[in-house]
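Work through the exercises below with the sequence and the structure at hand. Try each task before reading its solution.

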Amino acid sequence: MELYSDAYYIERVQAGDTGCFACLLDRYSRPVHSLILKMVHSKEDAEELAQDVFMKVFRNLSSFKGDCSFSTWIYRIAYNTAISELRRKRQEFVAIEESQISNVSEEEVSEMLGRTSTTEQLDKLEAALEQLPPDERALILLFYMKEKTVDELTVITGLGASNIKVKLHRIRKKLFVLIKGMEEN
């Protein structure tokens, strides 16, 4: 049970009670680490990047104006930190031809992704997610697992709302193609 809101702790830290930052750290360390780990695939890198994120959050907390929720603000920092690291490392990911994506109907996608109730189906979904580039994987994770809205995703990623909607649509189709390929093999 939460004793105080994020706003309370932020105000306290901004007023000089830096010990209250530990409460924010406790609240967000696990979700931030989880997002970064899903993006970078390395436990060590995720731990280091999560520390970097919280150092940035602490140093820049005075610039948090409350235009968005604190969780959205911190996810934006985590997202950008992980993307920067991945760009630096230049990892390669599976390329899917445009024709494969455009030939998939939304009904097929909804049916396949809607039946992720068994362990085997969840394992296939997880394996497909791992093959996506980190920015696409992050969008799916933030939208479906962290239940961020399109508006919140615009703040986190810096992309426009229509761009995010198109990306989510295309990523779902990519997941369908990847899972279908696993089932055929």
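**Exercise 1.** In what order do the elements of the protein run from the N terminus on?

Solution. The model is predicted, so local features need pLDDT of at least 70 and side-chain atom pairs count only at pLDDT 80 or more, while totals for chains, interfaces and linings use all residues. Residues are numbered from 1 along each chain as its sequence is written, and side-chain values use heavy atoms, without hydrogens and water. Helices are DSSP runs of H or I with at least four residues, strands are runs of E with at least two, and both are numbered from the N terminus. The order is α-α-α-α-α-α-α-α-α-α.

**Exercise 2.** Describe how helix α1 and helix α2 pack.

Solution. Two packed helices are described by the angle between their axes and the distance between the axes. Axes are lines fitted to C-alpha atoms over the stretch in contact, and angles run from 0 to 180 degrees between N-to-C directions.

- Step 1: the axes of α1 (residues 6–14) and α2 (residues 21–40) come within 8 Å and cross at roughly 140 degrees.
- Step 2: Asp6, Tyr9, Ile10 and Val13 in α1 meet Phe21, Cys23, Leu24, Arg27 and Tyr28 in α2; contact means heavy atoms within 4.5 Å.
- Step 3: the residues of this contact divide into seven nonpolar, no polar and two charged. Here Ala, Val, Leu, Ile, Met, Phe, Trp, Tyr, Cys and Pro count as nonpolar, Asp, Glu, Lys and Arg as charged, and the others, Gly among them, as polar.

**Exercise 3.** Which residues of helix α9 are buried, and why do they lie on the same side of α9?

Solution. Buried means under 20% relative accessible area, with a 1.4 Å probe and protein chains only.

- Step 1: in α9 (residues 150–157), the buried residues are Val150, Leu153, Thr154, Ile156 and Thr157.
- Step 2: they cover an arc of only 165 degrees around the axis, which puts them on the same side of α9. The arc is that of the directions from the helix axis to the C-beta atoms.
- Step 3: the buried residues of α9 pack against α4 (70–89), α8 (134–145) and α10 (161–184).
- Step 4: after α9 comes Gly158, with a positive phi near 85 degrees.

**Exercise 4.** Is Glu136 buried or exposed?

Solution. Glu136 lies in helix α8. Its relative accessible area is 13%, so Glu136 is buried. Apart from neighbours within four places in sequence, Glu136 is in contact with Ile171 and Lys174.

Conventions. Buried < 20%, exposed > 50% of the residue type's maximum accessible area, 1.4 Å probe, protein only.
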